[in-house]
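Please open the model in a viewer and keep the selection panel at hand. The stops below are given in the order in which they may be selected.

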Amino acid sequence: MSISSRVIYLDSNATTPVMPLALEAARAVMEDDYGNPSSVHSSGIQAKAVMEHARKTACELLGSENGKLLFVSGATEGIQTAVFSALLALRDKLAKGEKVGTDLLYGATEHKAVPESLQHWNQVLGLNFNIIAIPVDHAGRHDLAFLKAHLASAGLVCTMAANNETGIVTDLAGIEALLKDHPTYWLVDGVQALGKLPLKLSQHRIDYSLFSGHKLYAPKGIGLLYVHKDAPFTPLLAGGGQEGSLRSGTENVSGIAALGAVLEALCDGHTFREHATLEKFRLQLLDAVKEAFPGLILNAPLEQSLPTTLNFSVPGLTSKELLDLFDAADVRVSAGSACSAAKAQPSFVLQAMALPEWQAASAVRMSFGPAVTADYIEEACRRIRVCGEALRKTCMVTGDIEPLPAEGVIQLSFGAACTWIVADAASKQCIVIDALPELIERITKYVRCQTYTVAAIVGTGSHPQQNQHNQALAGLLADAYKGKVLTPIADHAGAVNLLLSPKLSINGIALGEKFFAQLDLSQSPNRPVFLFGERVNDAKDANVKTNFAFCGDLFDTRNQTENIAPLSEQEIAAIKSELKSFIGQNALLCAAHDFDKRLVTMFDHETECCLESVTVPSANLREFISEHPGTILVDVREPYEQQLSHFDVPEGSEVLHVPLTRLANGVERWLKQNEAKTTPILFFCRTGGRSSQAVQCLRRLGYENAWHIAGGLALWQH
Ligand code: PLP
């Protein structure tokens, strides 16, 4: 891997770039040796020779002399073929009345291709065999006692040589000792071991093993399947009789040549790094991540895992946040878990290892290939440290860097539930509304890092046990908190009188030029609304202007706390009308739950918008900007991402930074300053998810000149 490119790629367990020598081998086949290996003319014979040379190299490297080595499309096809063959053999033996085990055992942390194949073929063949996961311990190692106890009824055992998420290396010798005299078939997924661990197949009693070229610098679409000479085999693909009729279909000769070239290089002694060097590189990376993310926890013991894989979690940060952060620094890592926009789906591998839920939902995997260079690792470490600085500067972690001051309305969420913070940089004060227990730690860190005073901690009565959470937060922030928990805002020390409307004057808190007040509506006892806005000196009827109303779940009947009966349509209408009479109809409403990702809403103006018409494909960006002069580009990524990323701004365009969690401030400004709503606004983010929420929010509120860039920076800057 070179460092000439902008990207530092640390996701090699997912796939690798194609090595120059593999690229050259593939190119030579595509340009010169392009014959069909089944043809009998010279071109065909030459292509076949390329293919057989690659097979010989693979055979020598893997020590597969006592079995067949087939070229397949990848590991998934290898797994299908092996599982299909083994299950058919078990079925046939059963039909003949032979005594065979019918339990299909697989490691609980296997790649999904294994359990899904077992499920699939078990069903397709109508076998109804038991499919049983072999549990793993905290370190991800198979429970050999469990395997031993279940062996008597086992027909097939599937265990990976090394895990793709954690890098944990399987005790194949321990498993082999158990299986030694047992008739069960044994499948070993060798994908992550290739090039990183020595594996001589013929020295083991392995029946099936498979490998994928793209995990080791060969192109996608080529892999290897090893079948022991005594293991049953049934072709998955029938047709022209290629691969000795074991796998029909014209061979992927360019892919085979590329894979062959990589395997040859594995033996040349200089293309790939030695185990000890890889270990050293990993420790360098570990030092960098520890420095960047204090409190980091490793999810797999180093001494038991591949030297090229690091899996860790950072308390208080989700996988998604870390992935966004690294991506902004052009460092590609894997979340270690599949993330949906709403909530991170914890990694099933880490769950199987019984790691705490937060760890499984916050995991990050860094993996590099065994041909990595020292310079590459150094550059990776430098960027990781820069990522840490960006987090400290934006108060995501506490540190010694002067933070960017917080200002305005900030929305933090956990699932659909929201906590809101209002902050005033001038007076260095903030207020927390509806603190969620899951976010208390983050809020504490944030406020401390900002060195703001907490003027109040309040609740709209929308979350269960809100008082307890408020108390907990106040306790953690004791030195920064000057209010009294549960004291109505009106009774706060230093409360100022605010004329909300000719009909109502209440006490509130002054935050510099702004105010914060609690409004107890006669129509909604126990559910106060909190108002945030500007103090306006020259107004006749009111001396404040409410810009934001934190109204809990008053207008959303989907989340009602157990203590309070759900509101009827008429009650909601009456509350709305009372609230409007005090704050006007243009205030932005900030809810305690955001099930539909609306971010902020208003009393009226809610028009639905359709996604297609608001999307600008990145390829059409220049054209769009020239057709929409004066377009403002709005980056809705989080402050720590904005700190890191550098991208080419189209000529003549202005870029504003309004993170999605602060979008309410932008919306308020755009709707107010731009009554005619004529300035075109074009949102973007990393991949288009967050910008799509932003554009829909603004359009719903009646701002029609808003769009977003499909695919975000990922496609635009490609
Ligand atoms: N097995 C393991 C351990 C893997 O890591 C992967 C890919 O991530 C596979 C199997 C499937 O490989 P492929 O998608 O190349 O078929």
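Begin with helix H3, residues 75-95, in this predicted model. H3 has 21 residues and reaches 30 Å from its first C-alpha to its last, close to the 30 Å expected at 1.5 Å a residue. Colour H3 by accessibility next: 15 of its 21 residues are buried, so the helix is largely enclosed by the rest of the structure. Then step just past the end of H3 to Gly 97, whose phi is positive, at about 85°.

**The ligand**

Return to Ala 75 and display the ligand together with the residues around it: Ala 75, Thr 76, His 111, Met 160, Asn 164, Asp 189, Val 191, Gln 192, Ser 212, His 214 and Lys 215. From Ala 75, a backbone N or O atom lies 3.3 Å from an oxygen atom of the ligand. Asp 189 places a polar side-chain atom 2.6 Å from a nitrogen atom of the ligand. For Gln 192, an N or O atom in the side chain is 2.8 Å from an oxygen atom of the ligand.

**The second largest pocket**

Move on to the second largest pocket, which holds about 620 Å³ of space. Its lining comprises 26 residues, and those closest to the centre are Pro 405, Glu 407, Gly 408, Arg 662 and Asn 665. By class, the lining has 10 nonpolar, 9 polar and 7 charged residues.

To see which elements form this lining, select strands S13 (408-414), S20 (529-535) and S21 (544-552) with helices H13 (440-450), H17 (639-644) and H18 (663-673); each supplies at least two residues. Which element gives the largest share of the lining? That element is H18, with 5 residues.

**Helix H18**

Of its 11 residues, 8 are buried, so H18 is largely enclosed by the rest of the structure. The buried positions are Leu 663, Ala 664, Asn 665, Gly 666, Val 667, Glu 668, Trp 670 and Leu 671.

**Arg 637**

Finally, select Arg 637, in the loop between strand S24 (632-635) and H17. Is this residue buried or exposed? Arg 637 has 2% relative accessibility and therefore counts as buried, the cut-off being under 20%. Show its side chain with that of Asp 635: the two make a polar contact at 2.8 Å.

Conventions: Residues are numbered from 1 along each chain as its sequence is written. This is a predicted model: local features need pLDDT of at least 70, side-chain atom pairs count only at pLDDT 80 or more; totals for chains, interfaces and linings use all residues. Side-chain values use heavy atoms; hydrogens and water are left out. Helices (H or I, at least four residues) and strands (E, at least two) are DSSP runs, numbered from the N terminus. The expected span of a helix is 1.5 Å times one less than its number of residues. Buried means under 20% relative accessible area, exposed over 50%, partly exposed in between (1.4 Å probe, protein chains only). On a 1 Å grid over the protein atoms alone, a cavity is a set of points where a 1.4 Å probe fits but cannot get out, and a pocket is an open set with protein on both sides within 12 Å along at least five of seven lines; lining residues have an atom within 4 Å of a point. Grid points are joined across faces, edges and corners, and a volume is the space filled by probe spheres set on the points. Ala, Val, Leu, Ile, Met, Phe, Trp, Tyr, Cys and Pro count as nonpolar, Asp, Glu, Lys and Arg as charged, and the others, Gly among them, as polar. A residue is near a molecule or strand if one of its heavy atoms lies within 4 Å of it. A polar contact is a pair of N or O atoms within 3.5 Å; within protein, one must be able to donate a hydrogen and the other to accept it, and residues adjacent in sequence count only if both atoms are side-chain atoms.
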